[in-house]
Amino acid sequence: MLDSIDEAIVRELRKDARLQNKDLAERVNVAQSTAVVRHRALRERGVITGYHAEVDLGAVGRHVQAMLAVKIRPHTKEIVDPFMAYVLSLPETLALSHVTGPEDFLVHVAVSDVGHLQRLVLDKFTSRREVTEVHTNLLFSHVRKH
């Protein structure tokens with residue numbers, strides 16, 4: 001359970017993970033020493049698991065984003081775990097979700113252009129023996145909630 005101070009710290013760090021401790025303490029209305037102790041405790045308890053940089057994908061040449069809905073067979077642990085590791089190893093993969101429903105996975109990818117997307121689907125997904133279907137949905141926009 002998180003109390004209101006922990007919730008405020010998490011909320012502020014989700015907005016800006018680079019906040020200096022003095023600014024974090026000010027924003028959540030606690031002493032700097034309290035902010036340091038609470039922040040450390042949140043990391044030690046596994047509430048905060050890491051920090052990352054938000055990147056403008058267009059600025060790094062990855063202008064096209066898509067969501068791939070992938071079905072595999074057989075849907076067993078012996079197939080699922082290596083498939084997930086494989087998908088996460090692809091540089092185009094931004095996120096991977098193992099889901100229920102008609103598909104088994106949703107893969108968020110970013111590529112340079114539609115040709116790159118086609119090669120990714122054909123060469124990296126449908127060529128795999130366990131993949132039985134891939135449905136590709138282009139993303140017009142993607143907004144991350146902070």
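Reader: Hi! What kind of model is this, and how are residues numbered?
Author: It is a predicted model, where local features need pLDDT of at least 70 and side-chain atom pairs count only at pLDDT 80 or more, while totals for chains, interfaces and linings use all residues. Residues are numbered from 1 along each chain as its sequence is written, and side-chain values use heavy atoms, with hydrogens and water left out.

Reader: Which residues of H3 are buried?
Author: Ala 35, His 39 and Leu 42 are. Buried means under 20% relative accessible area, exposed over 50%, and partly exposed in between (1.4 Å probe, protein chains only).

Reader: And why are they on the same side of H3?
Author: Because they cover an arc of only 60° around the axis, taking the directions from the helix axis to the C-beta atoms. An α-helix has 3.6 residues a turn, so residues three or four places apart point the same way.

Reader: What do the buried residues pack against?
Author: They pack against helix H1 (4-15) and helix H2 (21-28). On the other side of H3, Ser 33 and Glu 44 are exposed.

Reader: What follows H3?
Author: Gly 46 does, with a positive phi near 85°.

Reader: Where is Ile 48, and is it buried or exposed?
Author: Ile 48 lies in the loop between H3 and E1, and it counts as buried at 13% relative accessibility. Leaving out residues up to four places away in sequence, Ile 48 touches Leu 13, His 39, Leu 42 and Arg 43, where contact means heavy atoms within 4.5 Å.

Reader: Switching to pockets: what is the volume of the largest pocket?
Author: The largest pocket has about 470 Å³. Of its 17 lining residues, Leu 13, Arg 14, Ala 17, Gly 50 and His 52 are the closest to its centre. A pocket here is an open set of points on a 1 Å grid over the protein atoms alone, where a 1.4 Å probe fits, with protein on both sides within 12 Å along at least five of seven lines; lining residues have an atom within 4 Å of a point.

Reader: How does that lining divide by class?
Author: It has 6 nonpolar, 4 polar and 7 charged residues.

Reader: And the second largest pocket, what lines it?
Author: It holds about 380 Å³ of space. Its lining has 15 residues, with Glu 54, Val 55, Leu 57, Leu 94 and Arg 144 nearest the centre. By class they divide into 7 nonpolar, 5 polar and 3 charged.

Reader: Now backbone geometry. Where is the cis peptide bond?
Author: It joins Arg 73 and Pro 74, with omega about -5°. Pro 74 sits in the loop between strand E1 (64-72) and helix H4 (77-89).

Reader: What is phi for Asn 29?
Author: Phi of Asn 29 is near 60°, a positive value in a residue other than glycine. Asn 29 is in the loop between H2 and H3 and counts as exposed at 71% relative accessibility. Most residues other than glycine have a negative phi, and most peptide bonds are trans.

Definitions and conventions
Helices (H or I, at least four residues) and strands (E, at least two) are DSSP runs, numbered from the N terminus. Grid points are joined across faces, edges and corners, and a volume is the space filled by probe spheres set on the points. Ala, Val, Leu, Ile, Met, Phe, Trp, Tyr, Cys and Pro count as nonpolar, Asp, Glu, Lys and Arg as charged, and the others, Gly among them, as polar.
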